[in-house]
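Good morning, and thank you for joining this meeting. Please take a moment to look at the structure that I am about to show.

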Amino acid sequence: MPALRRLTPLLWLGPAIALIGVVVLWPVVVMVQSSFQNIGGDGFVVGYDGTDDFRTLFDEPDFISVLERTVLWVVIVVAVTVLISLALAQLFNQTFPGRTVTRWALIIPWAASVMMTALIFRWALDPNVGVINVILHHLGVVKHLGSSQAYWLGNPTSALAWMMAVAVFVSLPFTTYAILSGLQGIPGDVYEAAAIDGATSWKGYLAVTLPLLRPAILVATLINVINVFNSFPIIWEMTRGGPGYETATSTIFMVELKQGNVGESAAMSVINFLLVIVIVVVYLGTTRWKEQVDR
Amino acid sequence: MKKKIASRFWGGIALAAVAALALAGCGSSGSSSGAAAGGTTTLKLVVADYGTGPANASAKYWGTIITAFEASHPSIKVNVTSIPWTNFDQQVQTMIQNKQYPDITEGDYFSNYAQQGLLYSASDVLSDPGNLLPAFKAQGTYNGVQYGMPFTTSSRTLFYNKKLFAQAGIMTAPKTWADVEADAAKIKKLGKIGFGLPLGSEEAQAESMLWMLGDGGGYQTAGKYTINSPANVEAFTFLKGMVAAGDTEPDPGTVDRTPLWEQFAQGSIGMINGSPALIPIIQSAGVLKAADWTSVPIAGKAGPLTTTLGVCDNVAAFKPNGHEAQIKEFLDFAYQDKYQLAFDNEYDLLPATTTAAKALASNPVFAPFLTALPNSVQYPSDTAWANVKTKIQDTIGTAVTGSPTTVLSQLEQASTTAS
């Protein structure tokens, strides 16, 4: 009987473990397996081909530039998102008339489908009739509608800048709420103590608020890094990674490769997966998350 | 407090990991469509959309056929899915990669499906396969057996806006590359786009081939890929000059065919290579009158092309669901002359069967296109083409802003690896 009783926790943990096994672990196994197989565009497994898929991938002329762009994309989008969210969370933590309504409004970019948001921005940036271009034209920023200046998504640099802006826009709600909940967890007496010690509001923010927010910022950053790294709909809907692969991140590149060579695409997925793990481990290491979370 | 954060933390990690994996491309497997209860078979028909809006969507055209077919064949149901051209190849390919096989597709066909043994041959599923236009037999043939069955055909011509030409003081139709360049520069001065060059992923392979043909080039020479041949490099070097001079729309490598055709229909483009499918777009836009535009043979380096790119869209019948008899019933029904002609009248495309072509031979609009079809040049039809075509669509547009030699050599490299 006691032996059986010891197994009862399994009853509660079992479904969760099974779910993780089927939804998380098994796909990882299949992904790694596929990356060592010869699978063409039709999805037929011809057999194992050793490291051929990886070699083909590394020989892609665009491989290195895609990886560099991915890093740039993640760093800029996450950094800007967190900075703006810190300010927004501070704002929403104040009491002001209409706070409830504005807090709700902040959810909208999150609630709307990212693909829809990306499509709306693509049309708003249309060189001839897009609303953003029309406004910029009236302001005199864009000299001629339909010119290459108005074609933001045609030039890799401006296209990336716009897509980063959209990525920040859709990442703000989650990040702001994560930080806001952190802010609300800071007791008021800490600030009183700081004020008595003569801290100005800016000093109080740096010395009290930010350190106490570290766990919240940590979680928000980490989840954003993973999300933004794998971000697919924005780039896919706005440029499809074009011209060429010049605005593709590794996730987009993986999808483009999948059409012709599933094995090579799986190899790209494995690299992606390893990169995410490395980023997470390095980030957790440098922020000494255990101290933060266990404190 | 700390426990709460910790659990939220791990919950977040788990969630993010799931999301990451879902996006890392682990396709789902699903059930395939099959025979339903009660002796009724459901056929899954996947078609490309040729329409310009809801009024003439392809689903509507097929709906008419299906209604008539189901009335006379009560034991067979047909479910139609229509997919826009920009996504057609990819979505069909994803269905096949995930083993969710359609029964019939109408759109692009690739010989690698035949190579994998996925397809019924034309003689399996058509009572009279000999009625398909012989000119397109080779492109649908793999190992001596025809699998790709042409359903509609078209050929390419150069469309130009006569109104803009008159405003710019141009008297004659463009015949050579030099004409195109000079005329485009004059039209650009009117504040319009001189030449519409759609090298975005939608159909870059067609536009590119038209320019390659202009210099005697092409994707293949004697069955071998020669994408970086001197003639092709010269063609793209010429295009690069046009782009640099601003004679085309900005950044052609990211511009798709459909939006550019619509802009031509709006009267803001001087010249563009088009197929008869551009005609309904011009008509529905209502900006250009019949006298405001015309189409002529494609301009080549030294003179108009005597051959052009002949494109056909194919029907392919898939084996895995085992519906051979039902597919044959449906295809025999759908290939009737009246439906071929209805399709051609709806979308201004050309028929794909000999009997339907005969019925149209006296039609003044279609006759010139029809006589040109037997001499047309077609895309490669080997098993590497599906892969090569994707690469061309993704990257060839960068040849007119970057280095033509580098881009075409990379494509040649990719095509020899794929062959």
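What percentage of the 419 residues in chain B do buried residues make up? The value is 49%. Please keep in mind that this is a predicted model.

Let us begin with the chain as a whole. Chain B contains 17 helices and 13 strands. Along the principal axes, its C-alpha atoms fill a box of roughly 75 × 70 × 45 Å. The radius of gyration of chain B is 23 Å, which agrees with the value near 22 Å that a compact globule of 419 residues would have. Among contacts in chain B with a separation of 6 or more, 72% join residues 24 or more positions apart.

I now turn to strand S11 of chain B, residues 269-274. Why may we call S11(B) largely enclosed by the rest of the structure? The reason is that 6 of its 6 residues are buried. Strand S7 of chain B, residues 157-161, runs antiparallel to S11(B), and 4 bridges join them. Within this pairing, Phe159(B) stands opposite Ile272(B). Strand S8 of chain B, residues 193-196, runs parallel to S11(B), with 3 bridges between them. Here, Phe195(B) is opposite Met271(B). As a general point, side chains in a regular strand alternate between the two faces of the sheet.

Finally, consider strand S6 of chain B, residues 149-155. S6(B) is mostly covered, with 7 of its 7 residues buried. Its pairing with strand S13 of chain B, residues 310-317, is antiparallel and spans 6 bridges. One bridge links Ser155(B) to Gly310(B) in S13(B). Thank you for your attention.

Notes. Residues are numbered from 1 along each chain as its sequence is written. Chains are lettered from A and ligands numbered from 1 in the order in which they are written. This is a predicted model: local features need pLDDT of at least 70, side-chain atom pairs count only at pLDDT 80 or more; totals for chains, interfaces and linings use all residues. A residue is buried if 20 or more other C-beta atoms lie within 10 Å of its own, exposed if 12 or fewer, and partly exposed in between; C-beta atoms are placed from the backbone. Helices (H or I, at least four residues) and strands (E, at least two) are DSSP runs, numbered from the N terminus. Two strands pair if DSSP finds at least two bridges between them. The radius of gyration is taken over C-alpha atoms; the globule rule is 2.2 Å times the number of residues to the power 0.38. Two residues are in contact if their C-beta atoms, placed from the backbone, lie within 7 Å.
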